[in-house]
Amino acid sequence: MARKITVFFVLLFSALIAFAGYYYVALKAPRVATKQTVAQNNIYKNSKRFKAVAPPLIKYATTNNFSKQYLFLIDMHIASGSNRFFVYDIAGDSIVAAGLVTHGRCNSNWLVGRKYGNKIGCGCTSLGKYKIGNSYNGRFGKAFKLYGLDSSNSNAFSRYVVLHSHECVPENEIDPYPICQSDGCPTVSPQFLKTLSAFIEKANAPILMCIYDQIIE
């Protein structure tokens, strides 16, 4: 009997190790663009939320010397374990990349739901339009400065809210599980930051980024 119990626990432990290894690989595996993932991204492009927010942003970008090629859209209404950072190709009318992105925890150990703020030291995500500035090497490696363009995010630069990456953000969707939270920065995975960097460097003018939640549908 003791031998059977020992064998059972050995098999159980082996299964747990195998599952843990599979889960780790699934999280860290690089995202590969396929026809299926492109189609999934463009489901959002055809949604009421996208159609409500994109046209005024395109107009703002074209009349304020922003890139006429790309928009960066972050929809905080979507769960953090799902792709909610979208790169929209204006001319091609398609979403050409999508990835996970954190939201601010507002100085709590773990923020349940969503809360937004603009005060210095609040630790929250700030909603609104942003100008993506120059890159620099900081605490988390390569990062991009962000300039808030609305009253709701006017302190972004003073708060050191920047676009950067962190290993805690998976490369792939893990919904229904959430991802890590930040102190207000839109933080993405290392590989997705490389993808975003390529678009930023390719653009012929600063890219307009917008973080939004409640919109009129």
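Two strands are taken as paired if DSSP finds at least two bridges between them, and helices (H or I, at least four residues) and strands (E, at least two) are DSSP runs numbered from the N terminus. In β8, Cys210 is the bridge partner of Lys129, a residue of strand β4. The model is predicted, so local features need pLDDT of at least 70 and side-chain atom pairs count only at pLDDT 80 or more, while totals for chains, interfaces and linings use all residues. Residues are numbered from 1 along each chain as its sequence is written, and side-chain values use heavy atoms, with hydrogens and water left out.

**The sheet**

- Eight strands form an open sheet with mixed pairing, in the order β3-β2-β1-β8-β4-β5-β6-β7.
- At the edges stand β3 (94-99) and β7 (187-188), each with a single partner strand, so one side of each is left without a neighbour in the sheet.
- Helix α3 packs on this sheet and touches β1, β2, β4 and β8, and its direction makes about 140 degrees with that of β1; axes here are lines fitted to C-alpha atoms, for helices over the stretch in contact, and angles run from 0 to 180 degrees between N-to-C directions.
- The pairing of β4 with β8 is antiparallel, over four bridges.
- β5 and β6 also run antiparallel, joined by three bridges, and Lys145 has Val162 in β6 as its bridge partner.
- β6 and β7, by contrast, run parallel and are joined by two bridges, with His164 standing opposite Thr187 in β7.
- In a regular strand the side chains alternate between the two faces of the sheet. From β6, Val162 and His164 point one way and Leu163 and Ser165 the other way, and all are buried, where buried means under 20% relative accessible area, exposed over 50% and partly exposed in between (1.4 Å probe, protein chains only).

**Nonpolar cores**

- A nonpolar core is a set of buried Ala, Val, Leu, Ile, Met, Phe, Trp, Tyr and Cys residues joined through side-chain atoms within 4.5 Å; the largest one has 25 residues, of which Phe72, Phe85, Ile132, Leu163, Val188, Leu196 and Met209 touch the most other members.
- At least two residues of this core come from each of β1 (70-75), β2 (85-89), β4 (128-138), β5 (141-148), α4 (190-202) and β8 (208-212), and the largest share, five residues, is that of α4.
- Apart from this core lies another, of 18 residues, which includes Leu57, Ala61, Ile95 and Ala98.
- When neighbours within four places in sequence are left aside, the contacts of Val188 (contact means heavy atoms within 4.5 Å) include Phe85, Leu100, Leu163, His164 and Leu196.

**Buried charged residues**

- Lys129 is buried, with a relative accessible area of 15%, and, beyond its neighbours within four places in sequence, is in contact with residues including Leu57, Tyr60, Tyr147, Asp150 and Met209.
- Arg49, in helix α3 (residues 48-63), counts as buried at 10% relative accessibility; its C-alpha atom is separated by 9.6 Å from that of His77, 28 residues apart along the chain.

**Salt bridges**

- A salt bridge is a side-chain nitrogen of Lys or Arg within 4 Å of a carboxyl oxygen of Asp or Glu, and by this rule the count comes to five.
- Lys45 and Asp93 meet in a salt bridge of 3.5 Å, N to O; Lys45 lies in helix α2 (residues 35-45) and Asp93 in the loop between β2 and β3, so the pair ties together parts that are 48 residues apart in sequence. Lys45 is buried, with a relative accessible area of 13%, whereas Asp93 is partly exposed, at 39%.
- Arg105 and Asp183 meet at 3.0 Å, N to O, and since Arg105 lies in the loop between β3 and β4 and Asp183 in the loop between β6 and β7, the pair ties together parts that are 78 residues apart in sequence. Arg105 counts as partly exposed at 25% relative accessibility, and Asp183 counts as partly exposed at 48%.
- Glu201 and Lys142 meet at 2.9 Å, N to O, and link helix α4 with strand β5, 59 residues apart. Glu201 is exposed, with a relative accessible area of 58%, and Lys142 is partly exposed, at 29%.
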